[in-house]
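Here is a short briefing on one protein chain. Look at the sequence and the model, then read the points below.

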Amino acid sequence: MLFDVRDAPDHPTGQARAAAFIEQYKAKLPSLHHKSIRTTNLVERGFEEERRRATVIPKSRTEKECLKLVFATLWRASQR
């Protein structure tokens, strides 16, 4: 059923399938519905690292410097 939610053809269908899934399992698994989902996806890790670095490093000065930071973050993550 989770694959059906993920592979829904459009957003409203996915929401309806998710609601049906939650309704079916909420009594058995009360902690099933979470507001956030952790992922190991490389892109998501890059976004997280970018947000972390943006708070440590002063304001980004140019678009080129921002791209360098994103590239360096993704490069380092891919090396792991």
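**Contacts, helices and an aromatic pair**

Of the contacts in the chain with a separation of 6 or more, 27% join residues 24 or more positions apart. Contact means heavy atoms within 4.5 Å. This is a predicted model: local features need pLDDT of at least 70, side-chain atom pairs count only at pLDDT 80 or more, and totals for chains, interfaces and linings use all residues. Residues are numbered from 1 along each chain as its sequence is written, and side-chain values use heavy atoms, with hydrogens and water left out.

**Overall build**
- The chain has four helices and zero strands. Helices (H or I, at least four residues) and strands (E, at least two) are DSSP runs, numbered from the N terminus.
- Buried residues make up 12% of the 80 residues. Buried means under 20% relative accessible area, exposed over 50%, and partly exposed in between (1.4 Å probe, protein chains only).

**Aromatic pairs**
- Rings of Phe, Tyr and Trp (its six-membered ring) pair if their centres lie within 6.5 Å; planes under 30 degrees apart count as stacked, over 60 as edge-to-face and the rest as tilted.
- By this rule the count is two aromatic pairs. The ring centres of Phe 21 and Tyr 25 are 5.0 Å apart and their planes are at 45°, so this pair is tilted.
- Both residues sit in helix H2 (residues 11-25), four residues apart, about one turn of the helix.
- Phe 21 counts as buried because its relative accessibility is 12%. Tyr 25, at 23%, counts as partly exposed.

**Around Ala 8**
- Ala 8 lies in the loop between helix H1 (2-6) and H2.
- Leaving out residues up to four places away in sequence, Ala 8 touches Thr 13, Gly 14 and Arg 17.
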